[in-house]
Amino acid sequence: YLEKDILFEYYLHNIISGAKRVALFYVENDKSERSRFIEKIIWEKQKKYKDLNRKYVNTVSYSIKLSPYKPKEVEKTALVKGRLLDLTYSASTIDTYYNCPLKFYYQYVLLPLERDEMVEELSFKDVGVIIHDILKEYYANKAVNYDEKRFIEVVNKCFEKYFGGSQKGKILILKHQVHEKLKKFISGYQSIVSAQSIEILDLEKEFSPVEIDIEDVGIIKIIGRVDRIEKRDDYVYVVDYKKASNEDKYKVKWDKFDISKREEWVKSFKSIQLFFYIFLLQKNKYPFSPYNASYFLLEKKDLEKIEIKLFKNDEEREENFEFINIIITRLIKEIINDPIFRPTEDLESCNSCLYKDVCWQ
């Protein structure tokens with residue numbers, strides 16, 4: 001330590017001696033004091049001028065703003081608005097805007113990325129793609145009963161598709177985890193949804209772009225793909241699979257919702273995907289009218305909590321179903337007509353955002 005201290009003093013002395021003008025800054029308060037190097041420089045000055053009372057140090061104060069930094073807003077130009085009118089809107093498009101208008105701008109207007117729904121080389125983060133494939137393949141014949149032999153065949157087929165025939169180590173562990181998780185889900189599905197009968201109407205249903213006319217906006221196009229549409233007894237449900245366990249993002253708190261307080265919508269719901277799917281089915285004139293919609297959080301260990309419904313009961317649906325159309329229409333109007341793209345209020349979400357390095361400059 002002593003050798004390093006001497007070496008540091010030597011370097012500091014050489015730097016100061018070789019400079020025409022030097023400014024040394026230090027902090028002095030009840031928690032820290034100036035270093036012995038500064039004391040020695042002041043002492044040398046005092047000896048030179050033979051004056052202990054002379055002012056050798058100037059005090060500098062800074063005004064520090066402790067509020068967190070927020071990315072700058074982006075103004076919508078006529079060119080940008082034209083681009084927005086040409087976009088085809090999906091659940092993920094509007095969901096991105098709802099959670100962060102600025103991210104929407106970078107992702108869909110300024111720096112659009114290629115669609116990555118399928119990737120050639122899957123990492124473990126992309127296991128959700130495999131799960132979707134297994135569920136789609138297994139339910140392809142629209143039979144809802146659990147068939148152990150068929151299920152094993154489907155799991156093997158899908159893993160071979162993505163990882164080849166020779167599966168070792170981590171791949172086998174992943175395969176076992178997926179097998180056990182989906183086995184419980186499929187075999188217990190009927191009890192999870194509390195239905196006497198279940199009829200699968202569509203799987204991975206693709207909806208072609210459809211034009212809709214929105215007041216104060218004009219004609220825009222919407223598009224989408226729904227994981228599953230099914231009839232439970234006499235009611236039609238839209239189903240969306242999520243490789244997640246945290247329900248905070250997906251729960252809807254209708255008791256806190258006020259349609260007139262747009263800035264507080266986020267207190268009621270953090271995702272609009274189920275809203276959009278019902279809106280999409282209605283605008284496409286789907287032959288079966290959707291009664292409700294659900295997320296299935298496939299990482300949940302407790303099967304009783306795996307389903308998150310848009311409306312918990314008939315009363316909640318009766319009071320709020322009409323707001324679905326209003327919410328989606330309002331958000332599309334904002335995307336087109338609001339003069340600026342604002343950053344999210346939830347700055348913690350920026351940590352995992354692909355555009356952080358761009359908008360935080």
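Asp258 sits in the loop that runs between strand 5 (235–242) and helix 10 (273–283). Helices (H or I, at least four residues) and strands (E, at least two) are DSSP runs, numbered from the N terminus. Asp258 is partly exposed, because its relative accessible area is 31%. Buried means under 20% relative accessible area, exposed over 50%, and partly exposed in between (1.4 Å probe, protein chains only). Ser268 is 10 residues from Asp258 along the chain, and their C-alpha atoms are separated by 8.7 Å.

This is a predicted model, in which local features need pLDDT of at least 70, side-chain atom pairs count only at pLDDT 80 or more, and totals for chains, interfaces and linings use all residues. Residues are numbered from 1 along each chain as its sequence is written, and side-chain values use heavy atoms, with hydrogens and water left out.

How confident is the predictor, as an average pLDDT over the protein chain? The average is 88, and 93% of the residues score at least 70. pLDDT is the predictor's confidence in each residue, from 0 to 100. Residues 114–122 stay under 50. For that stretch the model has 11 contacts beyond four places in sequence. Contact means heavy atoms within 4.5 Å.

Now the whole chain. The protein chain has 13 helices and eight strands. Its C-alpha trace spans about 100 × 60 × 40 Å along the principal axes. The radius of gyration is 30 Å, whereas a compact globule of 361 residues would have one near 21 Å. That radius is taken over C-alpha atoms, and the globule rule is 2.2 Å times the number of residues to the power 0.38. Of the 361 residues, 40% count as buried. Take the contacts between residues at least 6 apart in sequence: 68% of them join residues at least 24 apart.

Next, the surface and the charges. The protein chain exposes about 23,100 Å², and carbon and sulfur atoms supply 49% of that area. Accessible areas come from the Shrake-Rupley method with a 1.4 Å probe; for residues, only the protein chains shown count as cover. There are 62 positive and 61 negative charges, and their mean positions are 7 Å apart. Lys and Arg count as positive and Asp and Glu as negative, while His and the chain ends are not counted. A charge is placed at NZ of Lys, CZ of Arg, CG of Asp or CD of Glu.

Glu204 is found in strand 3 (residues 198–214). Its phi is positive, about 45°, although Glu204 is not a glycine. Is Glu204 buried or exposed? Glu204 is buried, because its relative accessible area is 12%. Asp233 lies in the loop between strand 4 (218–232) and strand 5. Asp233 also has a positive phi, near 55°, and is a residue other than glycine. At 30% relative accessibility, Asp233 counts as partly exposed.

Phe8 lies in helix 1 (residues 2–17). Its relative accessible area is 47%, so Phe8 is partly exposed. Phe37 is 29 residues from Phe8 in sequence and 9.5 Å away in space, C-alpha to C-alpha. Tyr189 belongs to helix 9 (residues 189–193). Tyr189 is buried, because its relative accessible area is 2%. Which residues does Tyr189 touch, not counting those up to four places away in sequence? They are Tyr139, Ile198, Arg228, Glu230, Arg232, Val239 and Phe296. Tyr146 is 43 residues from Tyr189 along the chain, with 9.0 Å between their C-alpha atoms.
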